[in-house]
Amino acid sequence: MKVKRLIRISYFTMLTVIGALASYRCEPFPITLQAFFAVLSGLVLGGADGAASQILYIALGLAGLPVFAYGGGYKYVAEPTFGYLVGMAAGSFVAGISIRRFKTINAGKVFGAGLAGLTAVYLAGSVYQVLMFIFDRGYSIRDAFETLECVPIAFAVQVVLLLIVAFIYPKVKTMIGSMNREEFKDNGLPQSG
């Protein structure tokens, strides 16, 4: 693996850590920017490298570094929000492979690929959260589903940010691509057009 590629992966791992710090308390869990940076990693790096950045993030947290919204450590697997972390790796991969299918990109394609990635994040996270509340914490099915009340708010925040990026992304990609077109061809990522 090239050093530049590893550096790009680590940048998005770091952005996801920062995304965990940018949080707004919404009971029972905070709304963070982690999912946004996870999907962005897939859009920029591609599916495999984007997912690698999120897997590295999860590994750092499970190893004990306090990079998650509520700290870190291997016991975090039992937290109801752990499913969102797994979903971030999946969402990054989905966004990356979705954008890669296009020969040219525009705002609509970027938004669609990002939306597919966000949907994967929130679907995996919501299912895990409900199951953890039912089977680990003994909630009724109804009460477990009530814990998802902040999910639509969090999803909407991420969608707005994604919409902003969707309009900026093709322009930035064209600007960078004209400076270093050969490198983008090496990554197999689509060109703006």
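## Two helix pairs

Helix α3 (residues 47-62) packs against helix α4 (residues 82-100) at an angle of about 165°, their axes 6 Å apart. The model is predicted, so to speak of local features takes pLDDT of at least 70 and side-chain atom pairs count only at pLDDT 80 or more, while totals for chains, interfaces and linings use all residues. Residues are numbered from 1 along each chain as its sequence is written, and side-chain values use heavy atoms, with hydrogens and water left out.

Here are the two pairs side by side.

| Pair | Angle | Axes |
|---|---|---|
| α3 and α4 | about 165° | 6 Å apart |
| α2 and α5 | roughly 130° | within 9 Å |

Axes here are lines fitted to C-alpha atoms, for helices over the stretch in contact, with angles from 0 to 180 degrees between N-to-C directions. Helices are DSSP runs of H or I, at least four residues, numbered from the N terminus.

Back to α3 and α4: they're therefore roughly antiparallel (over 145 degrees). On the α3 side, the contact (heavy atoms within 4.5 Å) includes Gly 47, Ala 51 and Ile 58, and on the α4 side Phe 82, Ala 89 and Ile 97 are among them. Its residues divide into 13 nonpolar (Ala, Val, Leu, Ile, Met, Phe, Trp, Tyr, Cys and Pro), five polar (the others, Gly among them) and no charged (Asp, Glu, Lys and Arg).

Now for helix α2 (residues 34-45) and helix α5 (residues 107-136). Ala 35, Val 39 and Leu 43 of α2 meet α5 residues including Val 110, Leu 118 and Tyr 122.

Notes. Angles under 35 degrees count as roughly parallel, over 145 as roughly antiparallel, 65 to 115 as roughly perpendicular and the rest as oblique.
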